[in-house]
Amino acid sequence: MIPAKPSTPETPAPRPAATTARRTPAPAATPAAADPNHWSPQLWGALIVLCAALFLDALDVSMVGVALPSIGSDLKLSTSALQWVVSGYVLGYGGLLLLGGRAADLLGRRRVFLVALAVFAAASLLGGVVDDGGLLIGARFLKGASAAFTAPAALSIITTTFPEGPARNKALSIFTTCGASGYSLGLVLSGLLTSVGWRWTFLMPVPVALAALLIAVRLLPKHPHQRQGGGYDVAGAVTGTGALLLLVYTVTEAQGAGWASLRTVGSLAVVVLLGAVFLLIEQRAAHPLVRLGIFRNGNVARANLAAFALMGSYAGFQFTVALYLQRVLNWSALEMGFALLPAGAVVALSATRMGAIVDRFGTGRLLPLGSLAMVLGYLLFLRLGTHSGFLALVLPSMVLLGIGFALFYPSANIAATNGVADEEQGLASGLVNTAMQIGNALVLAVTTAVITAGSHGGTDTAAQLDGYRPGLVLVTGVALVGLLITAIGALLDRRRAGTQPEVPDYDYRRVDAEATLGEKV
């Protein structure tokens with residue numbers, strides 16, 4: 001467990017040379033640091049408002065996932081085009097998260113959060129009224145782009161408000177609970193709303209977002225933001241986002257164009273070129289979008305890689321299962337929503353205790369355990385057939401996936417932001433969210449290509465199963481890579497613990513969680 005900062009003045013333990021930096025003298029312990037179980041109403045109010053952003057994001061993801069078959073039928077979208085309803089959001093989200101995190105650091109977290117939340121509400125309304133598949137995908141991209149600014153702003157406000165240790169772990173567990181609750185509620189609501197009309201799944205978040213915006217204006221204190229100096233890495237944002245967008249588009253369209261075609265090979269070459277230019281820009285920029293030195297922290301690097309693999313695998317799994325349950329088993333949208341509900345329910349019920357669990361066992365142990373549970377859930381679903389039932393096939397996998405997500409998601413967020421200075425919390429938050437969302441986009445794109453190739457364009461039950469099975473094998477393989485990464489991290493942690501004395505990973509640059517909340521926002 002990371003010890004809380006003592007309330008009496010002490011000489012802090014020397015930090016390793018690699019992590020020493022500008023150090024601001026820390027004040028006396030705050031209520032959040034000294035007693036994580038007692039926070040002021042202001043602190044609780046700010047946390048609840050920030051959790052609303054994650055709630056909306058999770059609500060939207062789960063509702064759209066259930067509504068996909070209805071959207072495809074109504075707008076006459078192919079499986080490949082339908083995938084872009086999901087990927088459009090994911091690309092806007094993942095492609096701009098780094099810029100969103102850096103903007104929060106430079107422009108002020110409160111300002112970025114409020115503006116982006118307003119755009120999120122407008123994009124939700126737009127998605128519910130369009131009649132063209134291309135316009136719908138565009139609205140989804142805009143909505144994802146706005147979420148790319150709300151997510152790192154909200155997470156960085158939490159990580160700079162609550163000091164490392166029990167207080168932050170508790171806050172992040174509550175944050176996770178709100179996301180799980182939004183996801184679980186979205187599964188049920190989407191089934192109900194889709195039975196009336198799929199457009200309501202897009203319109204539903206509008207009043208929630210507007211209400212959250214009005215409350216945020218009142219509860220998040222308005223204080224002038226003191227810029228840290230520097231500029232904006234526009235060139236890095238353009239090249240990095242361009243590389244990510246082109247990569248996912250190329251992978252998605254490669255099945256139709258051919259993997260060895262000139263278009264596919266040429267596009268991949270451009271992706272490599274843009275990526276190389278991005279790295280050069282980040283190395284030479286005075287104020288880079290991504291300070292590459294942050295990856296020298298092994299725990300941060302491994303948390304991002306594992307998040308990429310595990311969250312990507314789940315996106316591919318959910319897409320495949322949604323099509324399988326409705327097209328092969330002929331379940332209604334509502335039945336499918338209830339079938340997927342156990343996973344979200346497990347997360348929601350367990351997340352309030354995750355802070356204490358992380359304090360006791362550490363992220364190094366929980367990350368591989370969560371990864372293993374998800375792998376087992378995918379393996380069990382490989383038994384799918386034409387007459388599979390809920391109790392035999394769906395429920396065991398959903399429970400295992402819920403356990404895996406409950407252990408993995410908060411642990412990954414904690415590991416990816418611990419030991420990072422306040423002025424780079426937006427960057428760290430943006431990195432881990434980017435890893436998750438780009439993993440979603442890439443794995444989903446490859447999964448779609450595998451399903452299309454396996455089914456050979458057939459629409460009968462046998463042909464669809466021939467596509468879904470290799471898609472699930474791919475998903476399981478990606479999750480196994482994530483499991484391997486987290487297992488290596490656990491072994492390295494154990495080896496370090498056995499060869500050197502433990503140094504508390506408490507960042508003494510943290511400041512008062514309540515008295516300076518407004519300044520930090």
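Axes are lines fitted to C-alpha atoms, for helices over the stretch in contact, and angles run from 0 to 180 degrees between N-to-C directions. In this predicted model, local features need pLDDT of at least 70 and side-chain atom pairs count only at pLDDT 80 or more, while totals for chains, interfaces and linings use all residues. Residues are numbered from 1 along each chain as its sequence is written, and side-chain values use heavy atoms, with hydrogens and water left out.

Helices here are DSSP runs (H or I, at least four residues), numbered from the N terminus. Helix H3 (residues 79-107) packs against helix H5 (residues 133-161) at an angle of about 35 degrees, the axes being 6 Å apart.

The whole structure holds three of them, tabulated here.

| Salt bridge | N to O distance |
|---|---|
| Asp60 and Arg140 | 2.6 Å |
| Asp60 and Lys143 | 2.4 Å |
| Arg199 and Asp131 | 2.6 Å |

Because Asp60 lies in helix H2 and Lys143 in helix H5, their pair ties together parts that are 83 residues apart in sequence. Asp60 and Lys143 are both buried, a term for under 20% relative accessible area, whereas exposed means over 50% and partly exposed in between (1.4 Å probe, protein chains only). Arg140 is buried as well. In the remaining pair, Arg199 counts as partly exposed because its relative accessibility is 22%, while Asp131, at 59%, counts as exposed. Through shared partners, salt bridges join Asp60, Arg140 and Lys143 into one network.

Methods. Helices (H or I, at least four residues) and strands (E, at least two) are DSSP runs, numbered from the N terminus. A salt bridge is a side-chain nitrogen of Lys or Arg within 4 Å of a carboxyl oxygen of Asp or Glu.
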